[in-house]
Amino acid sequence: MASLEIIAEGNVDNDSTSLSLTGIDQSYEHLSIDLNFQENQTNYRSEEFRVSVNGDGLSSYYYGGTHMSLKNGNAWLIQSFHQSGYPVAIMGFAAGAYQNSAQRSACRLFFPGYSNTNFEKSWLGRTNSQNYTAGDSDSLAFSVGSRTGTSAITAIAIRGSGGSNIACNYTMYGWKSA
Amino acid sequence: MSYELISHTTVSGTTTNYIDIQSIPQTYQDLCFWWAGRANGTTARNSVDFYLRFNNDSTTEYGNVLQYGKGATRYAGFSTSGTQMAWSGWPGSASYSNNQAASLFGYIPGYRNTTNYQGHHVYMQAGSSATASEGSSDSRAGMWLGQWHVEQAINRIEIGFPYETYAPNSTFTLYGVKNS
């Protein structure tokens, strides 16, 4: 019997600054999300790719994380963070519309044990994009994010820097453990 | 292609060093696994050893290639002739506080293959993160490729801490990937 099932799939077409997945089915053990993603801004070749969970508002929780990223033709950028009052995890960088209005990043997020309530949550991400006419618009990132508390993850918001609308196709998978 | 659950383990108590999956079915094309947890002890986060071992083999047949970010620095390196597949210091502990959380996703292509002349490779993405200031400098994320240089089908996986124990409720989930 298949243990990997599609929970949700869809499209955001430049009509929102975030992809908001709410009411996530709690009957699976793990979640993964695949996206092709662009923040529709022309100021930068790539911008931060951000995740928050459970509709966290300002100062609600502490977030932490680390990402190692290549972008804009520069050397590796490594950042670690921990913060309250700014409840997002920076999961590397994803494409903007600076070089090519159609450029998108291939992104994958992993949320192990998202539905349990007995362990601190952390999640993994990786992003990349490639522009075949401009190497300095390529990007690559590996990342981890976390949040205080042991609550199950019931909602996930995915956005860019937050200042512009986004475009993406997405598929969310549930991984069974029984 | 489809994924089928082989086993799911949740650690109870504080005496488990390794999650030990034996008699792995030999009916799939590939294996895939998820790990979530950390060490239970108060050993400094950056010195907790974390190992994988296959088929109860403790000979010097393991290698690693790593690239990851920690704090604000990128690290890269490799090792050969190890007795385990190892990434020390990665998963964190209860040092300072209990706010460290770690995740690992792994994939083992052709785990039954005995004729590829390079043994087996494990592709892994891992990260651990602290949400407090004292732990943030030890948060890390990156890629890990492990090799077991033995031409045997993988039928057993041990994963965990040789010198520490698991924190309760850490989990390991193993899936078989079918080519149909």
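## Chain A: strand order and overall form

Read from one end of its sequence to the other, chain A of this predicted model follows the order β-β-β-β-β-β-β-β-β-β-β-β, and has zero helices and 12 strands, where helices (H or I, at least four residues) and strands (E, at least two) are DSSP runs numbered from the N terminus. Its radius of gyration is 16 Å, close to the 16 Å that the globule rule gives for 178 residues, so chain A is as compact as a globular protein of that length; the radius is taken over C-alpha atoms, and the rule is 2.2 Å times the number of residues to the power 0.38.

Along the principal axes, the C-alpha trace of chain A spans about 45 × 35 × 30 Å. Of the 178 residues in chain A, 52% are buried, a residue being buried if 20 or more other C-beta atoms, placed from the backbone, lie within 10 Å of its own, exposed if 12 or fewer do, and partly exposed in between.

## Chain B: strands and one helix

Chain B has one helix and 12 strands, and from the N terminus on its elements run β-β-β-β-β-β-β-β-β-α-β-β-β. With 180 residues, chain B has a radius of gyration of 16 Å, which agrees with the value near 16 Å for a compact globule, and its C-alpha atoms fill a box of roughly 50 × 35 × 30 Å along the principal axes. Buried residues make up 46% of chain B.

## Pairing around strand S5 of chain B

Strand S5(B), residues 62-70, pairs in the antiparallel sense with S6(B), residues 73-82, over eight bridges, where pairing requires that DSSP finds at least two bridges between two strands. Within this pair Gln67(B) stands opposite Ala76(B), and in the hairpin, which has two residues between the strands, Gly71(B) takes a positive phi near 60 degrees.

S5(B) also pairs in the antiparallel sense with S10(B), residues 140-148, over nine bridges, and there Asn64(B) has Gly146(B) as its bridge partner.

## Contact between the chains

The contact takes 41 residues from chain A and 38 residues from chain B, two residues being in contact if their C-beta atoms, placed from the backbone, lie within 7 Å. The side of chain B that touches chain A has 14 nonpolar, 20 polar and four charged residues; Ala, Val, Leu, Ile, Met, Phe, Trp, Tyr, Cys and Pro count as nonpolar, Asp, Glu, Lys and Arg as charged, and the others, Gly among them, as polar.

## Basis of the model

Residues are numbered from 1 along each chain as its sequence is written, while chains are lettered from A and ligands numbered from 1 in the order in which they are written. Because the model is predicted, local features need pLDDT of at least 70 and side-chain atom pairs count only at pLDDT 80 or more, whereas totals for chains, interfaces and linings use all residues.
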